[in-house]
Each structure stands twice: as C-alpha cells, then as structure tokens.
Amino acid sequence: MQENTVRLQPLQGPLWPLLCRAGFSLLRPQRDFGANSRQFRHQLPAPAVAAISAYQQHFAFAPEAVPLCFYYPLLQRAQLASMLQCQGLRVAGLIHTDNYLEAQQAQTPQMLYGNGPVQIDTALHTENNEKGLYLRVEQQLWQQGQQVLRASSGYLLKKIPRSAAPAAITADLPVQQHHRVLAQIQTQPNAAHRYARLSGDFNPIHLWHWSARLFGQRQPILHGMASAALLCQALPQPLQSLTLRFRKPVYPGSLLQLCQISDVLHHLYDGQRLCLEAELRYWPDAHAFDTH
C-alpha cells in the first residue's frame with residue numbers, strides 16, 4: 001500500500017489518549033462498517049533504544065535482536081488511530097481474536113532507532129466466517145522506503161447467536177494428552193500492570209476487577225501480546241513470523257505450560273484451558289542479527 005493517494009498523518013504521543021477516545025466511541029450511534037476497505041497511513045517516531053531495551057529486559061530477550069512482538073504496540077497505535085476515523089465503529093469492546101506478524105528484515109535495536117521515522121500503512125475491511133462478522137486489519141511497517149514488517153489482526157464485530165452457530169468440534173484436552181511441555185511459565189500477579197507501563201496499553205479490562213467485570217471478565221486479564229511475548233521468551237531463538245489465535249484469557253498470576261504440538265504449532269495452557277495457539281517460524285539464517 002505504498003500509493004501516494006493515501007494521506008500521510010503524523011501520529012505522536014502515547015497510546016493511552018487513543019484508548020480514551022476508543023472508550024468514548026461507545027457513545028457513537030453504531031453503523032454497519034460496510035463492504036469497502038478503508039486505508040490509512042501514519043508516521044510515528046522511531047522507538048528509542050532505551051524503550052526497546054526495557055522491553056527486552058522485561059521479557060529476558062537477547063539484546064541483539066528487536067523481538068517480533070515489540071512491533072505490536074507501534075501497530076496498535078496506528079490501528080486505533082485508523083479505527084477512530086471510521087464513522088459509526090464502536091472501538092471499545094472489540095474482541096481481539098488473532099494476530100499475524102512477519103518480519104521482512106532482521107533488525108537490531110540500533111537499526112530500528114537509527115533508520116528514523118516509521119511509516120505504518122493500515123487497511124480495514126470486514127469478513128464473515130462461521131462465528132460472526134470480523135474486522136480485519138492489514139498492516140505494513142516501513143522505514144526509509146523498505147518494508148520491515150507485515151501484520152494482520154482480527155477483531156470480532158458481531159457474534160452469531162450460539163443457537164445459530166455450528167456446534168464446536170474441538171474441546172480443551174489435558175496438557176498431558178499433547179506433545180511435550182517445553183516450558184512452565186509463571187506469570188506475576190502484577191503482570192498486566194507492568195506490561196501496560198511497558199507498552200502504553202492501559203485498556204481497563206487488564207487493570208482492575210471492576211472494569212474487567214464491565215467487559216464480562218471475572219477478573220483482569222493479561223494482554224494477549226504479553227502472553228505472546230512470554231511464549232516467545234521460552235523459545236530458543238528469535239522468530240521471523242508468528243501467527244496467534246487467542247482462545248481464552250490468561251489471568252495474571254497463573255502458571256502456564258508451553259506445549260509443542262508440531263515443528264510449527266505450539267499451545268499455551270493454563271491448566272487444561274487452551275489460552276493461545278501459535279504457529280511460528282524461525283529466521284532461516286542463524287546469523288541474521290550479526291552486526292559484523
């Protein structure tokens with residue numbers, strides 16, 4: 001989406017003002033999104049090396065590589081800014097169902113910062129499946145005219161009533177019926193608050209019991225991309241691509257099990273609850289992040 005017909009919009013500042021505006025979108029008269037795709041283009045300052053380093057240290061990632069999940073808060077800012085320009089779209093309460101990230105370049109923190117401003121192209125359109133109507137968000141991240149990352153996110157707009165939906169054909173199975181457990185991951189009770197400070201995502205569903213209950217949760221839930229980062233933390237090397245399907249929420253303080261189902265497919269469990277499915281691909285070049 002590198003056409004010049006889409007107006008470039010500067011996007012400054014943190015994520016939380018966009019989240020506040022998203023909350024007020026509940027006051028909008030709701031309208032159908034329509035069949036047409038909406039396209040947007042935003043320019044953001046390059047993240048500081050200190051911000052990348054703080055993320056790496058929090059999740060114990062190796063210092064030489066920009067973690068794949070680190071890009072998501074940048075994409076999220078452009079997503080929210082784009083959604084808020086769509087008249088009649090109630091952004092608050094959208095259910096994030098899936099995410100796809102694929103790096104086109106292996107970047108070190110110094111490269112990401114040194115290459116200057118980031119441009120994010122965002123396209124929004126709707127799609128139907130057996131569960132309901134979804135908002136699909138396709139994104140590309142560019143620096144200096146070079147594509148750095150491709151991404152896609154899905155959000156549930158309208159769920160088909162359970163009586164009309166096809167019967168589920170799968171159910172959660174005990175972890176021991178799956179392939180070997182790669183890692184046990186203990187989440188901290190304050191994990192959501194810490195990730196909110198790290199990413200700028202202060203969505204209230206993650207922070208307090210009263211606000212989580214307003215969104216139908218019994219307690220605050222961990223950010224989906226924080227759970228994804230914990231999964232990546234337990235892997236032996238950096239990823240080039242990652243496909244995520246968010247199945248059930250992760251509650252801060254839970255003990256998680258990362259199970260390898262195949263060479264590509266991994267599951268993240270809380271007890272017998274399947275919380276996250278991940279299909280992953282490592283960089284083919286073991287020296288992709290060498291600086292020499």
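Two strands pair if DSSP finds at least two bridges between them. The views below show a predicted model.

**View 1. Strand 8 and strand 11 pair in the antiparallel sense.**
Strand 8 covers residues 239-246 and strand 11 covers residues 273-282. Seven bridges hold this pairing. Within the pair, Thr 243 stands opposite Glu 279 of strand 11.

**View 2. Strand 10 and strand 11 form a hairpin.**
Strand 10, made of residues 265-270, pairs with strand 11 in the antiparallel sense over six bridges. Two of the positions can be followed residue by residue.

Strand 9 takes in residues 255-260 and is joined to strand 10 by five bridges. The two strands run antiparallel. In this pair, Gln 257 stands opposite Tyr 269 of strand 10. Strand 10 is mostly covered, with five of its six residues buried.

**View 3. Asp 270 is found in strand 10.**
Is Asp 270 buried or exposed? Its relative accessibility is 17%, and buried means under 20%. Asp 270 therefore counts as buried. Leaving aside neighbours within four places in sequence, Asp 270 is in contact with Ser 254, Leu 255, Leu 256, Gln 257 and Cys 275.

**View 4. Thr 97 has its place in strand 3, residues 95-103.**
Thr 97 has a relative accessible area of 17% and is therefore buried, since the cut-off for this class is under 20%. Which residues does Thr 97 touch, not counting those up to four places away in sequence? They are Tyr 134, Gly 154, Tyr 155, Leu 156, Leu 244, Arg 245 and Phe 246.

**View 5. Helix 2 and helix 7 cross at roughly 70°.**
The axes of helix 2 (residues 49-59) and helix 7 (residues 224-233) come within 10 Å. Because angles of 65 to 115 degrees count as roughly perpendicular, helix 2 is described as roughly perpendicular to helix 7. On the side of helix 2, the contact is made by Tyr 55, His 58 and Phe 59. Helix 7 contributes Ala 226, Ala 229, Leu 230 and Gln 233. Sorted by class, this contact has five nonpolar residues, two polar residues and no charged residues.

**View 6. Helix 5, residues 191-199, has buried residues that pack against other helices.**
The buried residues are Ala 191, Ala 192, Tyr 195, Ala 196 and Ser 199. Seen down the axis of helix 5, they fall within an arc of 135°, so they line one face of the helix. An α-helix has 3.6 residues a turn, so residues three or four places apart point the same way. The buried residues of helix 5 pack against helix 2, helix 3 (72-83) and helix 7. Gly 200 follows helix 5, and the phi of Gly 200 is positive, near 85°.

Terms used
Residues are numbered from 1 along each chain as its sequence is written. This is a predicted model: local features need pLDDT of at least 70, side-chain atom pairs count only at pLDDT 80 or more; totals for chains, interfaces and linings use all residues. Side-chain values use heavy atoms; hydrogens and water are left out. Helices (H or I, at least four residues) and strands (E, at least two) are DSSP runs, numbered from the N terminus. Buried means under 20% relative accessible area, exposed over 50%, partly exposed in between (1.4 Å probe, protein chains only). Contact means heavy atoms within 4.5 Å. Axes are lines fitted to C-alpha atoms, for helices over the stretch in contact, and angles run from 0 to 180 degrees between N-to-C directions. Angles under 35 degrees count as roughly parallel, over 145 as roughly antiparallel, 65 to 115 as roughly perpendicular and the rest as oblique. Ala, Val, Leu, Ile, Met, Phe, Trp, Tyr, Cys and Pro count as nonpolar, Asp, Glu, Lys and Arg as charged, and the others, Gly among them, as polar. The arc is that of the directions from the helix axis to the C-beta atoms.
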